[in-house]
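Open the model in your viewer and keep the selection panel at hand. We will go stop by stop.

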Amino acid sequence: MKTFNVGIIGATGMVGQRFAILLENHPWFRVKLLAASSRSAGKTYEEAVGNRWAMTAPMPEALKNMVVYDAVADVEKIASQVDFVFCAVDMKKDEIRELEERYARAECPVVSNNSAHRGTKDVPMIVPEINPEHAQIIHAQRKRLGTKRGFIAVKSNCSLQSYVPALHPLMEYGVKNVLACTYQAISGAGKTFERWPEMVDNVIPYIGGEEEKSELEPLKIWGKIEGDEIVNAQKPCITTQCLRVACSDGHMAAVFVSFDKKPSMDEIKEKWASFKGEPQDLNLPSAPKHFLNYFEENDRPQTRLDRNLEGGMAVSIGRLRPDSQYDYKFVCLSHNTVRGAAGGAVLMAELLAAKGYFD
Ligand SMILES: NC(=O)c1ccc[n+]([C@@H]2O[C@H](COP(=O)([O-])OP(=O)(O)OC[C@H]3O[C@@H](n4cnc5c(N)ncnc54)[C@H](OP(=O)(O)O)[C@@H]3O)[C@@H](O)[C@H]2O)c1
């Protein structure tokens with residue numbers, strides 16, 4: 001595989017920092033430039049981040065002295081120097097929508113962690129093990145944008161990154177009704193305990209917009225390309241409650257599920273154990289060897305013990321058992337800023353690179 005030059009837009013933020021770590025020594029992607037708001041532009045990366053560095057690993061040496069670009073004012077300059085950008089910015093939705101389209105129209109593909117374009121019908125929202133074929137809609141999107149190379153591809157919300165993969169191998173049994181309660185880490189809000197002391201010893205029963213995303217986005221992921229758009233799946237019927245809990249990283253979900261054709265517990269465990277997708281077949285650099293991992297122990301998965309499984313790219317599942325109102329219930333866990341954000345985006349970019357979308 002050739003080496004691609006990439007930019008990180010929103011490099012100073014929580015997800016941007018995670019990109020910086022994941023891309024250090026990446027075999028295909030080389031960080032060529034960093035961009036953030038006008039507040040950071042013109043400073044070195046180290047100065048711009050200041051005391052906001054939130055990763056346990058140190059800031060990559062090669063990035064410390066890079067001068068940060070202005071993500072909004074320098075679109076053309078940035079687009080002309082890189083093969084594509086990763087984007088994770090905290091701006092208003094309509095501003096993000098416009099900014100990402102400006103990069104795409106400047107012939108710079110955008111792999112985005114933002115939610116702004118998740119509802120756009122010709123923008124693929126890819127979980128590489130589940131719906132890699134949705135990348136084909138990029139041809140239609142390029143037609144609409146009038147571009148040859150430029151396009152936008154997005155990652156789904158971090159909340160669903162554990163239960164949608166766990167349910168996916170079971171779709172052949174007709175997954176009918178799903179109830180998922182999520183217990184989400186504070187890094188999902190771009191925060192640490194130092195910056196959010198009110199979260200110590202606390203649970204907050206509201207995360208703005210999260211339940212809508214958790215219920216709707218799976219239907220796009222399970223949707224089908226029809227003509228120039230992705231048409232959402234009609235089933236399953238999903239209801240969620242999303243809570244913020246006092247964990248640094250790792251989103252847990254308690255899931256209840258009913259089927260049209262109820263499988264046995266052994267069949268479910270077998271489907272999880274044997275599941276693999278294109279990232280595993282293509283041996284992509286960030287692909288976990290085993291995406292779905294079932295624990296027989298009653299007290300697993302645990303956030304602290306299991307969120308870093310396979311570098312934070314795998315999903316952990318446990319406590320599968322019958323339920324009195326649904327067919328079954330279980331719990332599952334994924335790392336929200338790795339698989340749920342930057343790591344998931346890097347894997348998506350690897351898939352797109354392997355399929356020639358950045359050529
Ligand atoms: N945290 C997660 O687990 C997670 C998961 C999935 C998706 N996301 C999404 O990823 C995005 C970033 O989240 P985050 O947690 O990394 O946020 P964050 O820590 O607040 O970082 C925000 C980034 O956006 C930049 N920014 C803010 N205003 C800007 C402007 N007007 N123009 C250009 N850049 C601007 C900031 O630059 P300055 O430092 O210069 O202000 C910073 O680099 C959000 O859309 C979020 O919904 C986050």
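This is a predicted model: local features need pLDDT of at least 70, side-chain atom pairs count only at pLDDT 80 or more; totals for chains, interfaces and linings use all residues.

Residues are numbered from 1 along each chain as its sequence is written.

**Stop 1: domains**

Colour 4-157 + 341-354 as domain 1 and 159-335 as domain 2. These bounds come from an automatic or database domain assignment. The C-alpha centres of the two domains lie 24 Å apart. Now select the contacts between them: 32 residues of domain 1 touch 29 residues of domain 2. Contact here requires C-beta atoms, placed from the backbone, within 7 Å.

On the domain 1 side, helix 12 gives the largest share, seven residues. Helices (H or I, at least four residues) and strands (E, at least two) are DSSP runs, numbered from the N terminus. That side of domain 1 divides into 16 nonpolar, 10 polar and six charged residues. Ala, Val, Leu, Ile, Met, Phe, Trp, Tyr, Cys and Pro count as nonpolar, Asp, Glu, Lys and Arg as charged, and the others, Gly among them, as polar.

**Stop 2**

Show the open sheet of six strands, ordered 3-2-1-4-5-6 with parallel pairing. Strand 3 (69-70) and strand 6 (152-154) are at the edges with a single partner strand each, so one side of each has no neighbour in the sheet. Pairing takes at least two DSSP bridges between strands.

Zoom in on strand 4 (residues 84-87) and strand 5 (residues 110-112): they run parallel, joined by three bridges. Pick Val85; its bridge partner in strand 5 is Val110. Leaving out residues up to four places away in sequence, Val85 touches Val6, Gly7, Ile9, Ile78, Tyr103, Cys108 and Val110.

**Stop 2: the core**

Val85 leads on to the largest nonpolar core, of 101 residues; it is among those with the most contacts inside it, with Ala35, Phe86, Val255 and Cys332. Helix 12 (residues 338-354) gives the most to this core, 11 residues. Each of domain 1 and domain 2 supplies at least three residues. Such a core is a set of buried Ala, Val, Leu, Ile, Met, Phe, Trp, Tyr and Cys residues joined through C-beta atoms within 7 Å; buried means 20 or more other C-beta atoms within 10 Å of a residue's own.

Technical notes
A residue is buried if 20 or more other C-beta atoms lie within 10 Å of its own, exposed if 12 or fewer, and partly exposed in between; C-beta atoms are placed from the backbone. Two residues are in contact if their C-beta atoms, placed from the backbone, lie within 7 Å.
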